[in-house]
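The following paragraphs lead the reader through one protein structure. Please keep the sequence and the model in view while reading.

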Amino acid sequence: MKLPVCWSCRHQFTYREGLRFLFRKNCPACGKKQYVTTKSNLRTGIPAMLVVLVPGILIRVVFEMSFLSYALVMTLLLAAAMMTVPFFVETSEKEEPLV
Ligand SMILES: [Zn+2]
């Protein structure tokens, strides 16, 4: 697992800076805008979807939850998936297509 590095100044993001990356895509050191590469988008998106969807569906089927507790579990899973994002993000200086 490695944390992202700024494409411009090679600043090594900390885990917390990486998390902030989900909302604000600027380098904390040089302020340059960071874009996420297509490759890392796929790398982040696919495991995140699996983490959320697979147990989500299983839980729903196995435990026959009410929609409310199901939504709560899904929110927790989504949060868990987001926690792993900093390890998969790869920065780029220009915008790449999403897929
Ligand atoms: Zn930078």
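Two residues are in contact if their C-beta atoms, placed from the backbone, lie within 7 Å. By this criterion, and leaving aside neighbours within four places in sequence, Ser8 is in contact with Cys27, Cys30, Lys32 and Glu93. Residues are numbered from 1 along each chain as its sequence is written. The model is a predicted one, in which local features need pLDDT of at least 70 and side-chain atom pairs count only at pLDDT 80 or more, while totals for chains, interfaces and linings use all residues.

The confidence of the prediction comes next. pLDDT is the predictor's confidence in each residue, from 0 to 100. The protein averages a pLDDT of 84, and 98% of the residues score at least 70. Helices (H or I, at least four residues) and strands (E, at least two) are DSSP runs, numbered from the N terminus. Confidence is lowest in helix 2 (residues 38–63), with a mean of 80, and highest in helix 1, with 88. Where pLDDT is low, the predicted coordinates should not be read in detail.

Ser8 belongs to the segment before helix 1, and so does Trp7, helix 1 itself spanning 15–20. A residue is buried if 20 or more other C-beta atoms lie within 10 Å of its own, exposed if 12 or fewer, and partly exposed in between, with C-beta atoms placed from the backbone. Ser8 is partly exposed because 15 other C-beta atoms lie within 10 Å. Trp7 is also partly exposed, with 19 other C-beta atoms within 10 Å. Apart from residues up to four places away in sequence, Trp7 touches Gln34, Thr91, Ser92 and Glu93. Although Trp7 and Cys27 are 20 residues apart along the chain, their C-alpha atoms are separated by 9.0 Å.

Arg10 lies in the segment before helix 1 as well. Its phi is near 65 degrees, a positive value in a residue other than glycine. Most residues other than glycine have a negative phi. Arg10 counts as exposed because it has 10 C-beta neighbours inside 10 Å.

Attention now turns to the strands. Tyr35 is found in strand 1 (residues 35–36) and is partly exposed, with 15 other C-beta atoms within 10 Å. The C-alpha atoms of Tyr35 and Ser92 are separated by 5.0 Å, although the two are 57 residues apart along the chain. Beyond its neighbours within four places in sequence, Tyr35 is in contact with several residues, including Lys25, Thr91, Ser92 and Glu96. Glu96 lies in the segment after strand 2 (91–92), and besides Tyr35 it touches Thr37 and Thr38, not counting residues up to four places away in sequence.

What makes up the largest nonpolar core? A nonpolar core is a set of buried Ala, Val, Leu, Ile, Met, Phe, Trp, Tyr and Cys residues joined through C-beta atoms within 7 Å. The largest one consists of Phe13, Phe21, Val36, Phe88 and Val89, 5 residues in all. Leaving aside neighbours within four places in sequence, Val89 is in contact with Pro4, Gly18, Phe21, Val36, Ser40 and Thr44.

Finally, the axes of helix 2 and helix 3 (residues 67–83) come within 9 Å and cross at roughly 155 degrees. Helix 2 is therefore roughly antiparallel to helix 3, since angles over 145 degrees count as roughly antiparallel. Axes are lines fitted to C-alpha atoms, for helices over the stretch in contact, and angles run from 0 to 180 degrees between N-to-C directions. Among the residues that meet here are Ala48, Val51 and Val52 in helix 2 and Tyr70, Val73 and Met74 in helix 3.

Terms used
Angles under 35 degrees count as roughly parallel, over 145 as roughly antiparallel, 65 to 115 as roughly perpendicular and the rest as oblique.
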